[in-house]
Amino acid sequence: MAEKLIVIGGTAAGLSAASRARKEKPDMEIQVFEKSGFVSYGACGLPYFVGGLIHDINDLVAINAESLKNMRNISAWIHHEVLLIDPEKKEVSVKNLDTDQVSIHSYDKLVIATGAVPVVPPIPGIHSDGVYYLRNMEDGIRLKAAAREHGRVCIIGGGAIGLEAAEELRNAGLSVSVYEQFPRLLPFLDNAFSQALEDTLIKHGINVHTGTQIAEILSENGKASGIRTAFGEIEPSDIILVSAGVKPAGALAEQAGLALGLKGGIIVDDEMRTSHKDIWGLRRLRADEEQDYRKTSLRPPGHNRQQAGAHCRR
């Protein structure tokens with residue numbers, strides 16, 4: 001019987017690992033389970049789909065599930081969420097989100113490529129209807145539909161995604177306000193660059209509020225209607241886009257008993273192997289040999305997704 005690899009997560013990292021494993025082991029059975037309705041897409045293009053620069057959401061897709069099977073002999077299942085990992089039995093429980101049916105799948109090797117999830121700030125009203133995030137394709141579809149129907153948007157967070165969305169939504173004709181709690185936008189840049197960025201946004205009609213925390217998302221009948229700042233200022237809005245960063249999606253790994261860092265990232269060795277010998281992690285924590293685990297930090301995956309797929313041959 002052929003060795004079996006299961007990959008949890010069907011975006012760039014997971015499919016890179018799966019494709020590398022296929023090259024290393026042509027006879028290996030490879031299954032990919034993806035919770036959303038798309039695989040192998042460029043999430044960085046979502047703001048430009050929302051604003052209308054990219055018209056067809058499928059233009060962000062590099063390869064779909066059918067082509068993965070036909071071209072690479074990799075079985076990819078969309079709308080399939082892995083609910084549970086049993087490292088001792090080497091099994092995963094998978095729910096078909098279209099039918100609600102749960103099935104058990106065994107594996108010899110497992111790759112966890114669940115990526116990251118949006119940070120949800122502890123702001124009153126954050127769970128109201130009309131509050132949006134921009135992390136996956138379905139997020140983009142929902143936000144674009146809302147932008148077609150409404151004219152005002154407040155963006156919480158002045159990071160790269162929030163600012164790209166601000167530009168595109170403004171180009172689409174919406175009134176846009178950006179609220180950033182830090183004293184300036186993109187604070188990792190030199191101050192001169194941050195100021196130039198803010199000046200450019202203002203020049204193009206985007207309202208920028210730095211050093212401003214959001215105290216509450218206002219709502220009427222459960223639907224977001226605006227924001228109130230910590231200074232007591234109120235701005236009405238039809239759409240609230242939260243762009244407050246991301247954190248590792250570590251819930252599955254934690255449930256499986258894998259070693260995690262303080263920020264929730266999976267701790268892996270130089271071969272991207274987790275604390276369990278038959279499970280690899282792609283996102284995104286490495287523990288340097290000279291460091292105590294308490295001092296670990298998040299690092300971008302880079303070529304690590306390929307590395308994990310290569311080591312799965314062992």
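Me: In what order do the five strands of the open sheet stand, and is the pairing parallel or antiparallel?

Reply: In general, the strands of a sheet pair through backbone hydrogen bonds, in either a parallel or an antiparallel sense. Here the order is β9-β16-β10-β11-β12, and the pairing is parallel; two strands count as paired if DSSP finds at least two bridges between them, while helices (H or I, at least four residues) and strands (E, at least two) are DSSP runs numbered from the N terminus. This is a predicted model, in which local features need pLDDT of at least 70, side-chain atom pairs count only at pLDDT 80 or more, and totals for chains, interfaces and linings use all residues. Residues are numbered from 1 along each chain as its sequence is written, and side-chain values use heavy atoms, with hydrogens and water left out.

Me: Over how many bridges do β10 and β11 pair, and which residue in β11 does C154 stand opposite?

Reply: Strand β10 (residues 152–156) pairs with strand β11 (residues 175–180) in the parallel sense over five bridges, and C154 stands opposite S177.

Me: Which strands does helix α4 lie across?

Reply: Helix α4 (residues 137–149) lies across β9 and β16 (239–242), and runs at about 150° to β16, where axes are lines fitted to C-alpha atoms, for helices over the stretch in contact (heavy atoms within 4.5 Å), and angles run from 0 to 180 degrees between N-to-C directions.

Me: Why is one side of β4 and of β6 left without a neighbour in the sheet?

Reply: The open sheet β4-β5-β6 has antiparallel pairing, and β4 (80–86) and β6 (102–106) stand at its edges with a single partner strand each, so one side of each has no neighbour in the sheet.
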